[in-house]
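This briefing covers the sheets, cores, helix packing and a few single residues of the structure shown below.

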Amino acid sequence: MLPVLSDKEFHGFRQLIFDEAGIHMSDVKKPLVSGRLAKRLAHHGLNSYGEYFRIVSQDAKERQMSVDLLTTNETFFFREPKHFEFLADTIVPELGRQQQVRVWSGACSSGEEPYTLAMTLADALGHWRFEILASDISTRVLETARKGMYPLEDAADIPKPYRNAYCLKGIGRQEGWMLLDKAIRDSIRFEQINLNATLPDVGVFDVIFLRNVMIYFSVETKRQVVSRLMSKLRPGGYFIISHSESLHGVTESLKMVKPSIYRKPA
């Protein structure tokens, strides 16, 4: 029988995930915390979440494991497709003559967003002179993303022309799976980056996607994260968030082009 997660223990893990990732967990997330960490208690043979919290507080590797388990990673190919249409129809014509196009997929989760970006850019640009940085705080989802292999049913979200051009259907032992084309996989660099900390030197980008993650941030955390990312966005570059998010009260350094799509003044 699983131990019960007390309110005090829950508050400890809630503070941990806020300190590590800037994510605010409301009280309704208590069952999620209990459920996702239960396997680690079983792994260590522990009788309480408090015992596990003491391990997490002292062991950096185990702390990363808990962060991996507690961060939300729901995603799928061509999620919010209007953004990729805008990328292909509006942004690419502006950037097509550049020597190289650079895009950052922040909080990329298991990789569906950056692979969607790669397929969109390869098709719209007609060349491979682009680079995508895909980052996430979770090492677990990045391992999945780097493989570029997904259940075949996930391909249903990919438009048929893209499936035919960039997706390989598994056979034999790989039946029921699909693999993204090598050129697509090679166009993406996956890195573990905590957006809630000082950013590494990754250069500047033409477009930054930061979707479906700020809904978990406090207003102050949003301001800090967006401010950090602005230093990595070139003048005239685009900043794209989820349709369910807003930058109202977060920054004045970006001008809204249309809801969820912003641009840094040139």
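A crossover is called right-handed if, with the strands pointing away from the viewer, the path from the first strand over the helix to the second runs clockwise. By that convention, strand 1, helix 6 (residues 112-125) and strand 2 form a right-handed β-α-β unit. The model is a predicted one.

- Seven strands make an open sheet in the order 6-2-1-7-8-10-9, and the pairing is mixed.
- Strand 6 (188-192) and strand 9 (255-258) are its edge strands, each pairing on one side only.
- From one strand to the next, the twist of this sheet averages 20°.
- Helix 6 lies across strand 1, strand 2, strand 6 and strand 7, and its direction is at about 170° to strand 2.

- Strand 1 spans residues 101-106 and is mostly covered, with six of its six residues buried.
- Val101, Val103 and Ser105 point one way from strand 1, while Arg102, Trp104 and Gly106 point the other way; all are buried.
- Five bridges pair strand 1 with strand 2 (residues 130-136) in the parallel sense.
- Within that pairing, arginine 102 has glutamate 131 of strand 2 as its bridge partner.
- Strand 1 also runs parallel to strand 7, to which four bridges join it.
- Valine 103 has valine 207 of strand 7 as its bridge partner, and tryptophan 104 stands opposite isoleucine 208 in strand 7.

**Nonpolar cores**

- In soluble globular proteins, nonpolar side chains tend to be buried together.
- Here the largest nonpolar core counts 43 residues, and Trp104, Leu229, Phe239 and Leu247 have the most contacts inside it.
- Elements that each supply at least two residues of this core are helix 1 (7-21), helix 2 (30-44), helix 3 (49-58), helix 4 (60-70), strand 7 (205-210), helix 10 (219-230) and strand 8 (233-240).
- Helix 1 gives the largest share of this core, five residues.
- Another core, of 39 residues, lies apart from this one; Phe77, Met119, Leu125 and Ile158 are among its residues.
- Which residues does tryptophan 104 touch, not counting residues up to four places away in sequence? They are Leu133, Ser135, Ile193, Leu195, Leu199, Val202, Phe205, Val207, Ile208, Phe209, Leu229 and Lys232.

**Packing of helix 3 and helix 4**

- Two packed helices are described by the angle between their axes and the distance between the axes.
- For helix 3 and helix 4, the angle is about 115° and the axes are 5 Å apart.
- The crossing in which helix 3 passes helix 4 is left-handed.
- Tyr52, Ile55, Val56, Ser57 and Gln58 of helix 3 make the contact with Ala60, Glu62, Arg63 and Ser66 of helix 4.

- Strand 3 pairs with strand 5 (residues 177-180) over three bridges in the antiparallel sense, and proline 151 stands opposite tryptophan 177 in strand 5.

**Individual residues**

- Most residues other than glycine have a negative phi.
- Glutamate 80 has a positive phi, near 55°, and is found in the loop between helix 4 and helix 5 (82-95).
- Is glutamate 80 buried or exposed? Its relative accessible area is 16%, so glutamate 80 is buried, the limit being under 20%.
- Alanine 107 likewise has a positive phi, near 50°; this residue is found in the loop between strand 1 and helix 6.
- Alanine 107 is partly exposed because its relative accessible area is 25%, which falls between the limits of 20% and 50%.
- Serine 34 lies in helix 2 and is buried, with a relative accessible area of 19%.
- Leu5 and Tyr49 are the residues that serine 34 touches, not counting residues up to four places away in sequence.

Definitions and conventions:
Residues numbered from 1 in each chain as written. Predicted model: local features only at pLDDT ≥ 70, side-chain atom pairs only at ≥ 80, totals over all residues. Heavy atoms only, no water. Core = buried A, V, L, I, M, F, W, Y, C linked by side-chain atoms within 4.5 Å. Buried < 20%, exposed > 50% of the residue type's maximum accessible area, 1.4 Å probe, protein only. Contact = heavy atoms within 4.5 Å. Pairing = 2+ DSSP bridges. Axes fitted to C-alpha atoms, helices over the stretch in contact; angles between N-to-C directions. Left-handed = near helix turned anticlockwise from the far one by under 90°.
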